[in-house]
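This report describes one protein chain, going from single residues to the chain as a whole. The sequence and the structure are shown first.

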Amino acid sequence: HIISLLLMLVALHLNGWKFAPMHENPLLGPSAEVLMQMGALSADAVIEKNEWFRLVTPLFLHAGIIHLVINMLALHFIGGAVERIHGTLGTTSIFLASGVGGNI
């Protein structure tokens, strides 16, 4: 939660402490350029520029405040149950494997 929240603050800072226009980003967040600058997923960047970190950074970046809040609520309610069943290490492994796998 903390990493995602800090990255949202950094993204808004890089965007001049304002949201992108609603027609560009209706989730109340930064511009697409700022998200790309911070490591958003781009198949071209991964394949052509070997920027493999872009398979991991999107796990912690959010397109806007609405996206962040919904994901935090999901992690709070669903993640708690998963962690009780699989433990912290298992839950972290599931989160990373499914996130990176989804980005491939």
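Trp17 sits in the loop between H1 and helix H2, the latter spanning residues 32–37. In this predicted model, Trp17 has a positive phi of about 55 degrees, although Trp17 is not a glycine. Its relative accessibility is 57%; over 50% counts as exposed, so Trp17 is classed as exposed.

Asn50 also has a positive phi, of about 55 degrees, and is not a glycine. The loop between H3 and H4 holds Asn50. With a relative accessible area of 52%, Asn50 is exposed.

**Aromatic pair**

How many aromatic pairs does the structure hold? There is 1. Phe60 and Phe95 form the pair, with 6.0 Å from centre to centre and 55 degrees between the planes, an arrangement that counts as tilted. Phe60 belongs to the loop between helix H3 (43–48) and H4, while Phe95 belongs to helix H4, so the pair ties together parts that are 35 residues apart in sequence. Phe60 is partly exposed at 23% relative accessibility, and Phe95 is partly exposed at 31%.

Ser98 is another residue of helix H4. Ser98 has a relative accessible area of 48% and is partly exposed. Ser98 and Val69 are 29 residues apart along the chain, and 20 Å separates their C-alpha atoms.

The table lists the accessibility of the residues described so far.

| Residue | Relative accessible area | Class |
|---|---|---|
| Trp17 | 57% | exposed |
| Asn50 | 52% | exposed |
| Phe60 | 23% | partly exposed |
| Phe95 | 31% | partly exposed |
| Ser98 | 48% | partly exposed |

**Packing of H1 and H4**

Helix H1 covers residues 2–14 and helix H4 covers residues 65–103; their axes come within 11 Å and cross at roughly 180 degrees. Angles over 145 degrees count as roughly antiparallel, and H1 and H4 are therefore roughly antiparallel to each other. On the H1 side, the contact is made by Ser4, Leu5, Met8 and Leu12. On the H4 side, Ile65, Leu68 and Met72 take part. Sorted by class, the residues in the contact of H1 with H4 are 6 nonpolar, 1 polar and no charged.

**Nonpolar core**

Which residues make up the largest nonpolar core? The core has 6 residues in all: Ala11, Val34, Leu35, Met38, Ala40 and Leu61. Leaving aside residues up to four places away in sequence, Val34 touches Ala11, Leu14 and Asn15.

**The chain as a whole**

The secondary structure of the protein chain consists of 4 helices and 0 strands. Along the sequence, the pattern reads α-α-α-α. Taken along the principal axes, the C-alpha atoms fill a box of roughly 40 × 30 × 20 Å. The protein chain has 104 residues, and buried residues make up 30% of them. Of the contacts between residues at least 6 apart in sequence, 50% join residues at least 24 apart.

Terms used
Residues are numbered from 1 along each chain as its sequence is written. This is a predicted model: local features need pLDDT of at least 70, side-chain atom pairs count only at pLDDT 80 or more; totals for chains, interfaces and linings use all residues. Side-chain values use heavy atoms; hydrogens and water are left out. A nonpolar core is a set of buried Ala, Val, Leu, Ile, Met, Phe, Trp, Tyr and Cys residues joined through side-chain atoms within 4.5 Å. Buried means under 20% relative accessible area, exposed over 50%, partly exposed in between (1.4 Å probe, protein chains only). Contact means heavy atoms within 4.5 Å. Axes are lines fitted to C-alpha atoms, for helices over the stretch in contact, and angles run from 0 to 180 degrees between N-to-C directions. Helices (H or I, at least four residues) and strands (E, at least two) are DSSP runs, numbered from the N terminus. Angles under 35 degrees count as roughly parallel, over 145 as roughly antiparallel, 65 to 115 as roughly perpendicular and the rest as oblique. Ala, Val, Leu, Ile, Met, Phe, Trp, Tyr, Cys and Pro count as nonpolar, Asp, Glu, Lys and Arg as charged, and the others, Gly among them, as polar. Rings of Phe, Tyr and Trp (its six-membered ring) pair if their centres lie within 6.5 Å; planes under 30 degrees apart count as stacked, over 60 as edge-to-face and the rest as tilted.
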